[in-house]
Amino acid sequence: MKYRAEIDGLRALAVVPVILFHAGFELFSGGFVGVDVFFVISGYLITTILIEDIENKRFSILHFYERRARRILPALLFVMTLCVPFSWILLSDSALSKFGSGLIGVSLFLSNVVFWRQQGYFDESAELNPILHTWSLAVEEQYYVLFPIFLILGWRFSKNSTFWMIVIIAAISLLLSEWGWRNNATANFYLAPTRAWELLAGSIAAFIVQKQGVQKNNLLALLGIAAIVFSIFFYNENTPFPSLYALVPVLGVVLFVLYGDKDTLAAKLLSIKAFVGTGLISFSVYLWHQPVFAFFRIYTNQISLDWFISFVLIIVTFMLSYFSWRYIEKPFRAPNF
């Protein structure tokens, strides 16, 4: 697939607010929507790869899983392994037990289910869980396992039928999330059935781009970025999520993906080296930020951090992230490793 630097820039727009949210900067009260942005991006990229492989008759589900494993597992296992000794030293017996359960969940791609049973994402104690953030990786991994199978089976009917099946499933998932936040908010937040529509929104965008190409529309591309930024600054932990409210950042990503041609102002903005560079290491940044902040909070016995400490921890996060990206992610992603 053709590389789009602006998509890496969009990853930066996703990961930085997540970090600032967990760092405690109140201005970024909706920074958690960065995860939703990641979901849409993942749905778009994975579906684009799968469509191209299927249409060019080179699709191999084992090869697909291998590529996903190379992309995710080395850095994930590296960070989780380094979390173990710090957890052993710093966590109480009960917290260590929860950490162990979470670690098993991570290894089985089920940490979202484990944490659903343990604590709410917005609980104060959640800031002390060094691997809580892996819930979103579990949702993506569940999508990676099931979606290629669905796609290849749907393709036997027709490409068009597959597209509309995705649209229908996404609509059902969205309605389920709207019901879910009213009836079981914690399960609604963590579990894949109510998150699937965000990933499938990216899949729908992939079908459209594959058919029509990326269109150039400055207004719609900027509107997409504005929708994401709006949700970052104006949403907060009391905003029902996911729900119809999540349509704002999700459709914002879709608009940018569809209309953010490289010559648009929005694409040029997100193609700035600082954005692209951050996007390239965004997976490692996401992996590192939660343990760095959680272990520091546990060690100092304080939840709220002053801005200087938060700033230092963000720098530490980026330093560790560059190391794991450079020496773990990149080598393992090479096909000849």
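The largest pocket holds about 1000 Å³ of space. A pocket is an open set of points on a 1 Å grid over the protein atoms alone where a 1.4 Å probe fits, with protein on both sides within 12 Å along at least five of seven lines; lining residues have an atom within 4 Å of a point. The volume is the space filled by probe spheres set on the points, which are joined across faces, edges and corners. The lining comprises 35 residues, and Arg-11, Leu-45, Arg-68, Arg-71 and Arg-333 lie nearest the centre of the pocket. Helices that each supply at least two lining residues include α1 (5-23), α3 (61-90) and α15 (307-333).

The model is predicted: local features need pLDDT of at least 70 and side-chain atom pairs count only at pLDDT 80 or more, while totals for chains, interfaces and linings use all residues. Residues are numbered from 1 along each chain as its sequence is written, and side-chain values use heavy atoms, with hydrogens and water left out.

The largest nonpolar core has 97 residues, of which Leu-10, Trp-135 and Phe-256 touch the most other members. Helix α2 (residues 34-55) contributes the largest share of this core, twelve residues. Such a core is a set of buried Ala, Val, Leu, Ile, Met, Phe, Trp, Tyr and Cys residues joined through side-chain atoms within 4.5 Å. Buried means under 20% relative accessible area, with a 1.4 Å probe and protein chains only. Leaving out residues up to four places away in sequence, Leu-10 touches Val-37, Ile-41 and Phe-256, among others.

Helix α6 (residues 134-154) has 21 residues and reaches 30 Å from its first C-alpha to its last, close to the 30 Å expected at 1.5 Å a residue. This helix bends by about 30 degrees at Leu-146, with Pro-148 following within four residues. Because 15 of its 21 residues are buried, α6 is largely enclosed by the rest of the structure.

Definitions and conventions
Expected span 1.5 Å × (residues − 1). Bend = angle between axes of the 7 residues up to and from the residue. Buried < 20%, exposed > 50% of the residue type's maximum accessible area, 1.4 Å probe, protein only. Contact = heavy atoms within 4.5 Å.
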